[in-house]
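Below are my comments on the model you sent. They go from the whole chain down to single residues.

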Amino acid sequence: MCGIVGILGKGDVAPIVMSRLKALEYRGYDSAGVATVCADGIDLRRAAGKLCNLSALLDNDPLRGASAIGHTRWATHGAATEGNAHPHSTGRVAVVHNGIIENHYELRDELEREGIVFTSETDTETVVRYVDWAMSTGGRNAVEAVRDCLARIRGAFALAFLFAGDDDLMIVARQGSPLVIGRGDGEMYAGSDAYALAGLTNRVTYLEDGDMAVLTRTAFTVFDHAGKPQPREERISAAAETVVDKGGHKHFMAKEIHEQPYVIGHTLTRYLDPLAMRSAIEAVEFPFAELSRLTISACGTAFYAGAIASYWFESWARLPVQIDIASELRYRDAPYAAGGGAIFISQSGETADTLAALVNARAHDQRTAAIVNVPESTIARTADVLFPTAAGPEISVASTKAFTCQLAVLACLALSAGRQRGVLSADAERAIVSDLLAIPRLAASALRLAERIEEATRRIAKARDVLFIGRGVSYPLAMEGALKLKEISYIHAEGYAAGELKHGPIALIDEHTPVIALAPSDRHFEKTLSNVQEIVARGAKVVLIVDERGVGAASKIAADIIETPYTNELLSPFVNVIPMQLLAYHTAIAKGTDVDQPRNLAKSVTVE
């Protein structure tokens, strides 16, 4: 969630830190700060709100120093104020922190009994106060004091420390939250991910859980949790070479929505054999025929991708599927089936709940696979096998192209499962592959509905509540559509199985509650239209998303129709998600909200 940048550089590096923090805005934040080692000790500037507020401070009162740490904070403990912003400093030690220190109250009480005075509400201040106390009263040097502190704290953290009087020293550590070291020419860097180091270096080293590293400008040494030096592989990171822009669009979200035909196609080419017209994923990569059960787990939008895929695995492979939200699966003590497999989905590959669920599944002897957009991420490196998407950097907090690329990988995996288990015939697989190869073209056609969808948003933007309904694969898609709308427009929205309306939610229906109905011409089509008639009879205005084959029958029921291209009924989410993304986007524009960085949200959720 929070962004971390650290530099041991040449000359005044605060402007460089600020430029890299700007690149991390997509992670979500509500305050920011920078600290440098200067002649008088440690100097810092902090500000609540957006980075422009911090920039204004630095313009009026620049920071000097060739060693710096910077931070964008997403508030956990304590409100989004200047006093709670990072870095925290005692004058002797400065720290930035991503994560949560779970036992901070206990440590705070101990330090307060020693006469230490705290000035913020944060858990992070406990860390810097403890290290300062260990150095001033225990006779420990910086490395010893940090190591002592790490032994005392519990929780998830990525930490970066600077020390007054030594501008050629930075200490970093991680447990649960990601952290990467970058090597330059006589310079050293640290960041919360490789994108933080883009333009500075592409030579990166990922720390493992429990690692602490001591950095100078020319070298670094990594120690494991036992204090033993450990070699860690240096990699050439494509992510660190990536430069992102809006490509002529007003927002990253708009750009990413319009990139979907290309990135879906690019992802499919990785996992399909177009000559043989079959999935290119073989049993050696993931042995579906040996599995007794498949667990799929993720959070947010990725969870809905997994929920849609559960229909594919059950239909094409007759493989029993358990789909669960990662934050629940991790703590539910679920009885995993012997000989089972588990797929974990995450855009960033750093989602804390999903990572914890993955580790738990491995502990229960499940064969694990990861579907992520960042091949160097922690989840990617933890799973038994990796199936990366090819979405490219997704900057907007609201996920769009990552979702459809996750669907593309999952569809290819389900086809492989069906073939391996002897359920899906060669002819049936060829037919589905043919339909999948047509998806990029159909997605491009769906994007041409933007003007029509913008018209439909005028009424929705005035609503207080919006319902989304669908059946079959359109049910989890309805929940995804509702999530997109509430994420970026702040309108309360819920997704329901259309057949469940009469079991309670229909009580919410009135003339002030717009309903978005997903009605592809599938086996559920007539029943979905019956549900729409029940809604219309109660005065609600319905926006009906229906394909070209069903538009004739639908036009007799709803006046507000968005006509999409027809495709295989189980693949309809690829096409129908695009109008819902556009609907959420244009509604947010109409309401004047921050599309790419909605309030309270973060792109990479690295705390539980």
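How much accessible surface does the protein chain have, and what share of it belongs to carbon and sulfur atoms?

1. Surface. The model is a predicted one. The accessible surface of the protein chain is about 22,500 Å². Carbon and sulfur atoms account for 49% of that area.

2. Overall dimensions. Along the principal axes, the C-alpha atoms occupy a box of roughly 80 × 50 × 45 Å. The radius of gyration is 26 Å, and this agrees with the value near 25 Å that a compact globule of 608 residues would have.

3. Burial and contacts. Of the 608 residues in the protein chain, 61% count as buried. Taking contacts between residues at least 6 apart in sequence, 71% join residues at least 24 apart.

4. Secondary structure. The protein chain contains 19 helices and 26 strands.

5. Helix α8. This helix covers residues 300-317, which makes 18 residues. From the first C-alpha to the last, α8 reaches 25 Å, close to the 26 Å expected at 1.5 Å a residue. The helix is mostly covered, with 14 of its 18 residues buried. R318 follows α8 and has a positive phi, near 50°.

6. The loop with T201. T201 sits in the loop between β10 (188-191) and β11 (203-206). A polar atom of the T201 side chain lies 3.1 Å from the backbone nitrogen of R203. Since its relative accessible area is 10%, below the 20% cut-off, T201 counts as buried.

7. Cysteines. How many disulfides does a search of the whole structure find? The search returns zero. C412 is in no disulfide, and the nearest cysteine sulfur, that of C405, is 11 Å away.

8. Exposure of two cysteines. Is C412 buried or exposed? C412 is buried, with a relative accessible area of 0%. C52, in contrast, is exposed, at a relative accessible area of 52%. The cut-off for exposed is over 50%, so C52 falls in that class.

Terms used: Residues numbered from 1 in each chain as written. Predicted model: local features only at pLDDT ≥ 70, side-chain atom pairs only at ≥ 80, totals over all residues. Heavy atoms only, no water. Helix = DSSP H or I, 4+ residues; strand = E, 2+ residues; numbered from the N terminus. Expected span 1.5 Å × (residues − 1). Buried < 20%, exposed > 50% of the residue type's maximum accessible area, 1.4 Å probe, protein only. Disulfide = S-S within 2.5 Å. Rg over C-alpha atoms; globule rule 2.2 N^0.38 Å. Contact = heavy atoms within 4.5 Å. Areas by Shrake-Rupley, 256 points an atom, 1.4 Å probe, with all protein chains shown as cover. Polar contact = N/O pair within 3.5 Å; in protein donor to acceptor, adjacent residues only side chain to side chain.
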